[in-house]
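I opened the model to go through its domains, helix packing and chain contacts. My notes follow in the order I looked things up.

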Amino acid sequence: MTELKTTALYHTHENLKAKLVPFAGFKMPLNYSDIKTEVAAIRNKAGAFDVSHMGIVEITGDKINEFIDHLITNNYSTLKNMKAVYSPIINEKGGIIDDLICYKINQKNAYIVFNASNIEKDLNWMNQVNQDFNNQINFISDQTGLLAVQGPEAFDILIKEFNFPTEIKDLPPFSLQEITFEGETLLLATTGYTGEKGCELFVPNNIIADFFAKLVEFGVTPCGLAARDVLRLEVAYPLYGNDLTINHNPYECGLAWTVKLKKENFLGKTAIENKKTKVKLKKFVLDKKSIPRQGYKVLNENDREIGVVSSGTFSPTIEKGIAMAHIETVAISETENYYIQIRNKKVQATEITGNFLD
Amino acid sequence: MNTPSELFYTKEHEWVKLDGDTATIGITDYAQSSLGDIVFVELPESGMNLSQEQTFGVVESIKSVSDLFSPITGEVIEINNDLNDAPEKLNEDPYKNWIVKLKVSPELNREHLLNAETYNDYCLNNN
């Protein structure tokens with residue numbers, strides 16, 4: 001077995017008595033206290049995650065707009081400076097390789113952040129695509145860490161205790177701002193994976209441990225991967241490997257909004273223009289007594305299997321079982337009631353639109 | 001970790017209290033602590049006959065699903081219905097809040113059950 005990698009915050013996590021588990025080749029905190037407490041902290045006050053395991057590349061060059069617009073399904077070249085965009089990247093068959101966020105600093109400088117589990121695959125893919133564009137792609141995760149500071153009081157704490165400028169509160173989602181902190185430059189992005197207000201911070205590794213310790217000191221709750229997964233599912237954000245996979249195209253995972261077919265060309269465009277949508281990602285809520293889990297079958301009234309749960313958990317915020325599931329497109333029009341098979345029970349599942357907290 | 005000395009234990013992290021022909025069964029402090037917030041318990045039906053190691057229920061935390069294995073052979077005579085509405089009681093006090101009671105044969109084989117000391121060692125070595 002290859003040795004697990006660690007982030008610059010490894011000793012911080014140990015000192016905070018985190019339960020550390022293998023995740024995507026890294027040893028990462030699953031939880032520090034209990035999941036309910038961590039989820040509630042993010043929903044009601046503020047919490048922080050170490051997300052430094054995610055891959056970060058810095059791109060410099062003259063053809064970044066062309067490169068990223070070819071790489072992703074969403075629009076990049078039309079993006080203004082200091083703005084970010086979420087997008088899947090897809091292969092020549094339309095299958096999702098990963099989902100990522102592209103951050104435009106200016107026309108000649110960008111960052112892309114992608115899933116830890118796909119670092120090698122994405123780097124190879126980006127380097128291959130970039131051959132036609134000749135930009136510089138530098139993997140910078142060994143110098144720069146990422147912190148997600150999320151929750152209704154996240155900005156207040158950063159402003160009051162870290163002297164961040166007050167205007168960060170007014171930044172629209174998916175905006176960027178450079179921040180000077182103790183002589184270092186941080187990049188603040190109003191992005192996140194919890195549905196709450198807050199930001200993600202690119203922090204140089206030499207100050208990240210102090211920064212994180214200070215967050216905790218000022219009442220920001222350290223939160224682990226378990227809470228992060230619950231939080232993202234409560235607001236119906238998809239997860240690569242569960243809801244998004246190489247066997248699904250973006251239309252099959254609720255990501256139609258990220259596909260810009262009006263763009264002249266991008267990788268996989270021809271494939272998804274012609275491809276049938278075999279399944280649709282749907283959201284279901286169950287009553288308190290039943291918890292759907294990944295892999296559980298979705299049935300119709302006649303007990304026919306029409307789908308499978310891609311993500312499921314108990315939501316501590318609404319105190320119900322919640323799930324996203326891939327449902328056969330052909331079954332949707334003729335299905336009135338959905339059921340999820342939980343061990344030997346068939347439990348009715350209520351479809352929702354929006355997210356689970358609405 | 002709390003491991004009362006008067007109880008017997010299994011490697012599946014259940015405890016058993018033997019009292020005449022009644023065996024009271026629950027999950028250990030180690031189990032509840034590893035699982036974290038318990039949010040659902042699936043209980044067996046009264047009258048069900050269980051053989052040793054048979055699954056008889058499920059404990060779910062926010063992120064995990066764990067089967068319950070019967071530590072011994074017997075008939076379910078009582079179930080702790082309080083756990084339906086308050087599964088978190090297993091976190092609060094896993095020894096006071098038992099899960100099922102079985103009627104067992106007096107000649108019950110208990111050789112496979114661990115005493116508190118052996119169980120403690122087992123948990124420490126598997127942590």
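**Domains of chain A**

I began with the separation of two domains: the C-alpha centres of domain 1 of chain A and domain 2 of chain A lie 24 Å apart. I note here that the model is a predicted one.

I then asked how many residues each domain puts into the contact. Domain 1 of chain A gives 11 residues, and domain 2 of chain A gives 10 residues.

β9 (144–150) and β10 (176–181) of chain A each supply at least two residues of the side of domain 1 of chain A that touches domain 2 of chain A. I sorted the residues of that side by type: 6 are nonpolar, 5 are polar and none is charged.

Domain 1 of chain A comes in two segments, 10–51 and 142–234. Domain 2 of chain A runs over 55–139, and domain 3 of chain A over 278–352.

**Chain A as a whole**

I looked up the secondary structure of chain A and found 9 helices and 19 strands. The radius of gyration of chain A is 21 Å, close to the 21 Å that the globule rule gives for 358 residues, so chain A is as compact as a globular protein of that length. I also took the extents of the C-alpha trace of chain A, which spans about 65 × 50 × 45 Å along its principal axes.

**Helix pair α3 and α4**

I turned to helix α3 (residues 64–71) and helix α4 (residues 119–130), both of chain A. Their axes are 10 Å apart, and the packing angle is about 125 degrees. Angles from 65 to 115 degrees count as roughly perpendicular and those over 145 as roughly antiparallel; α3(A) and α4(A) are therefore oblique to each other. The crossing of α3(A) past α4(A) is right-handed.

Which residues meet in this pair? From α3(A) I listed A:Phe67, A:His70 and A:Leu71. They meet A:Met126, A:Val129 and A:Asn130 in α4(A). By type, the residues of the contact of α3(A) with α4(A) are 4 nonpolar and 2 polar, with no charged ones.

**Chain A against chain B**

Last, I looked at the contact between the chains. Chain A contributes 13 residues and chain B contributes 9 residues. On the side of chain A that touches chain B, α2 (35–44), α7 (225–234) and β16 (305–315) of chain A each supply at least two residues. I recorded the residue types on that side of chain A: 6 nonpolar, 2 polar and 5 charged.

Key:
Residues numbered from 1 in each chain as written. Chains lettered and ligands numbered in written order. Predicted model: local features only at pLDDT ≥ 70, side-chain atom pairs only at ≥ 80, totals over all residues. Axes fitted to C-alpha atoms, helices over the stretch in contact; angles between N-to-C directions. Helix = DSSP H or I, 4+ residues; strand = E, 2+ residues; numbered from the N terminus. Parallel < 35°, antiparallel > 145°, perpendicular 65-115°, else oblique. Left-handed = near helix turned anticlockwise from the far one by under 90°. Contact = placed C-beta atoms within 7 Å. Nonpolar A, V, L, I, M, F, W, Y, C, P; charged D, E, K, R; others polar. Domains from an automatic or database assignment. Rg over C-alpha atoms; globule rule 2.2 N^0.38 Å.
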